[in-house]
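Subject: Structure for you to look at

Hello,

Here is the structure I said I would pass on. Please open it beside this message and follow along as you read.

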Amino acid sequence: MARTMLLMVLAAMVCMVAATSVPFPPPCNSYCPKGAFGNYVCCDENPGDCPPTRLVCPHHRIQSLQPRYCDFDPECYGSEKCCNDACLPSKVCKPSIYR
C-alpha cells in the first residue's frame, strides 16, 4: 500500500516537472490563414530582411543541406526570414541580413 502510494506521488511529480519544462512559443501579434478548414498560423515578421535573390542556381544540392520550406517567418529560426528563392518552388528559410 505504502509502495503504491509512493509510486503514485513520484509519477505525479514527474508529470508536473514534464508539464512545466515545456517552453511556450513567443506571443504572436498577427495571425494569417494557412491551409483549409479555417486554420491560422502566426505570421509575425522576424527582424531583418531577406538576402538578395541569387542569380544562378547550383547544379547539385548537397543532401544534408536541404532547404527548410516555409510560408511565414515564425516557421524559421529567429535569425532567419522566410524568403522567395528563384531556384526553388516555394519560400525557404534564409539567414536575415541587416542594413
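Below is what was found in it, beginning with the overall layout and ending with a few single residues.

This is a predicted model, in which local features need pLDDT of at least 70, side-chain atom pairs count only at pLDDT 80 or more, and totals for chains, interfaces and linings use all residues. Residues are numbered from 1 along each chain as its sequence is written, and side-chain values use heavy atoms, with hydrogens and water left out.

Overall layout

The chain has one helix and four strands, and along the sequence they follow the pattern α-β-β-β-β. Helices (H or I, at least four residues) and strands (E, at least two) are DSSP runs, numbered from the N terminus. Of the 99 residues in the chain, 19% are buried. Buried means under 20% relative accessible area, exposed means over 50%, and partly exposed is in between (1.4 Å probe, protein chains only). The chain exposes about 8,100 Å², and carbon and sulfur atoms supply 66% of that area. Accessible areas come from the Shrake-Rupley method with a 1.4 Å probe; for residues, only the protein chains shown count as cover. Among contacts (heavy atoms within 4.5 Å) between residues at least 6 apart in sequence, 45% join residues at least 24 apart.

Disulfides

A disulfide is a covalent bond between the sulfur atoms of two cysteines; here the test is a pair of cysteine sulfur atoms within 2.5 Å. The structure holds six disulfides. With the bonded cysteines numbered in sequence order, the pairing is 1-3, 2-4, 5-10, 6-11, 7-9, 8-12.

The link is right-handed, with 100 degrees about the S-S bond. C28 counts as buried at 19% relative accessibility, while C42 is partly exposed at 21%.

C50 is in the loop between β2 and β3 and C83 is in strand β3, so parts 33 residues apart in sequence are tied together. The torsion about the S-S bond is about -95 degrees, so this disulfide is left-handed. C50 is partly exposed at 28% relative accessibility, whereas C83 is buried at 1%.

The torsion is about 105 degrees, so the disulfide is right-handed. C70 and C82 are both buried.

Salt bridges

Side chains of opposite charge can pair when their charged atoms come close. A salt bridge is counted when a side-chain nitrogen of Lys or Arg is within 4 Å of a carboxyl oxygen of Asp or Glu. There are eight salt bridges by this rule.

One of them joins E75 and K34, whose closest N and O atoms are 2.5 Å apart. E75 lies in the loop between β2 (40-42) and β3 and K34 in the loop between β1 (31-33) and β2, so the pair ties together parts 41 residues apart in sequence. E75 is partly exposed, at 28%, and K34 is partly exposed, at 29%.

Another salt bridge is between K81 and E45, at 3.6 Å from N to O. K81 is in strand β3 and E45 in the loop between β2 and β3, 36 residues apart. K81 is buried at 5% relative accessibility, while E45 is exposed at 67%.

D85 and K94 also meet in a salt bridge, at 2.8 Å from N to O, and both residues are buried.

Two single residues

Where is D85? D85 sits in the loop between β3 (80-83) and β4 (92-95). Its relative accessibility is 8%. Not counting residues up to four places away in sequence, D85 touches R54, V92 and K94.

G48 is in the loop between β2 and β3 and is partly exposed at 24%. The C-alpha atoms of G48 and K81 are separated by 7.5 Å, although the two residues are 33 apart along the chain. Leaving aside neighbours within four places in sequence, G48 is in contact with K81, S96, I97 and Y98.

Regards
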